[in-house]
Amino acid sequence: MKPIKSKLENECCALNEAEDVLKGMGFSYGGNWDYDHGYFDYKLDDEVGYTFLRIPFQAIDGQLDKKDTTIKFGEPFLLAHKYQVGLDDNAETGNISGSFNQFSEPQDPDATVDQKWIGIAKDLVKKVETAVLN
């Protein structure tokens, strides 16, 4: 994980406005959201794993299932996961377990972020700051 300093941190806005702007820029909701917090994710890479620019946010007025909710942004960060190469040592066999456990664990769920993505992420964060804060 690599934090990216940003003017977004601790800024508030309406969830629906942030969602419209960020989705228009290619962001999506991250998989780990709840009714009081979540993430906007931008996939930068998916070669041997994946690298995302992640912008966390939390609800400060309302819940995330309502469009009129006010959110506060956290500090953006880069997140990298590296896939398993070869067979998964912890794989289970059988039709039932195979139906539920189709994917191997990441080889490194907090992999080092490749330097080439840091500058790209910083530029993208600046574009988000301009779009959301102005």
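Visitor: pLDDT is the predictor's confidence in each residue, from 0 to 100; what does the chain average?

Guide: The chain has an average pLDDT of 82, and 78% of the residues score at least 70. This is a predicted model, in which local features need pLDDT of at least 70 and side-chain atom pairs count only at pLDDT 80 or more, while totals for chains, interfaces and linings use all residues. Residues are numbered from 1 along each chain as its sequence is written, and side-chain values use heavy atoms, with hydrogens and water left out.

Visitor: Where is the confidence lowest, and where is it highest?

Guide: The lowest confidence in the chain is in helix 2 (residues 95-100), with a mean of 50, and the highest is in strand 6, at 97. Helices (H or I, at least four residues) and strands (E, at least two) are DSSP runs, numbered from the N terminus. Over residues 97-104, pLDDT stays under 50, and the model has four contacts for them beyond four places in sequence. A contact means heavy atoms within 4.5 Å. Where pLDDT is low, the predicted coordinates should not be read in detail.

Visitor: How many helices and strands are there, then?

Guide: The chain has three helices and seven strands. Read from the N terminus, the order of the elements is β-β-α-β-β-β-β-β-α-α. Among contacts between residues at least 6 apart in sequence, 61% join residues at least 24 apart.

Visitor: What share of the chain is buried?

Guide: Of the 134 residues in the chain, 35% are buried. Buried means under 20% relative accessible area, exposed means over 50%, and partly exposed lies in between (1.4 Å probe, protein chains only).

Visitor: Which residues of helix 1 are buried?

Guide: Helix 1 (residues 15-24) has Leu-15, Ala-18, Glu-19 and Leu-22 buried. Seen down the helix axis, these buried residues fall within an arc of 100°, so they line one face of helix 1. The arc is that of the directions from the helix axis to the C-beta atoms.

Visitor: And which residues sit on the face turned away?

Guide: The face of helix 1 turned away from its buried side carries the exposed residues Glu-17, Asp-20 and Gly-24. The cover over the buried residues includes strand 2 (12-14), strand 4 (37-45) and helix 3 (115-133). After helix 1 comes Gly-26, which has a positive phi near 100°.

Visitor: Which residue has a positive phi although it is not a glycine?

Guide: Asn-10 has a positive phi, of about 75°, and is not a glycine. Most residues other than glycine have a negative phi. Asn-10 lies in the loop between strand 1 (2-3) and strand 2.

Visitor: New topic: how many disulfides does the structure hold?

Guide: The structure holds zero disulfides, a disulfide being a pair of cysteine sulfur atoms within 2.5 Å. Cys-12 is in none, and the nearest cysteine sulfur, that of Cys-13, is 7.9 Å away. Cys-13 is likewise in no disulfide, with the sulfur of Cys-12 as its nearest, 7.9 Å away.

Visitor: Is Cys-13 buried or exposed?

Guide: Cys-13 counts as buried, at 13% relative accessibility. Cys-12 counts as partly exposed, at 42%.

Visitor: What about the rings? How many aromatic pairs are there?

Guide: There are six aromatic pairs in the whole structure. Rings of Phe, Tyr and Trp (its six-membered ring) pair if their centres lie within 6.5 Å; planes under 30 degrees apart count as stacked, over 60 as edge-to-face and the rest as tilted. Tyr-29 and Phe-40 form a stacked pair, 5.3 Å centre to centre with 20° between the planes. This pair links distant parts of the chain, with Tyr-29 in strand 3 and Phe-40 in strand 4, eleven residues apart.

Visitor: Which residues do the ring pairs link into a cluster?

Guide: Ring pairs link Tyr-29, Phe-40 and Phe-57 into a cluster. Phe-40 is buried, with a relative accessible area of 0%, whereas Tyr-29 is partly exposed, at 31%.

Visitor: Last one: where is Thr-51, and what does it touch?

Guide: Thr-51 is in strand 5 (residues 49-61) and is buried, with a relative accessible area of 5%. Not counting residues up to four places away in sequence, the residues touched by Thr-51 include Tyr-42, Leu-79 and Trp-117. Leu-79 is in strand 7 (residues 77-82) and counts as buried, at 13% relative accessibility. Leu-79 and Thr-112 are 33 residues apart in sequence, and their C-alpha atoms are 8.5 Å apart in space.
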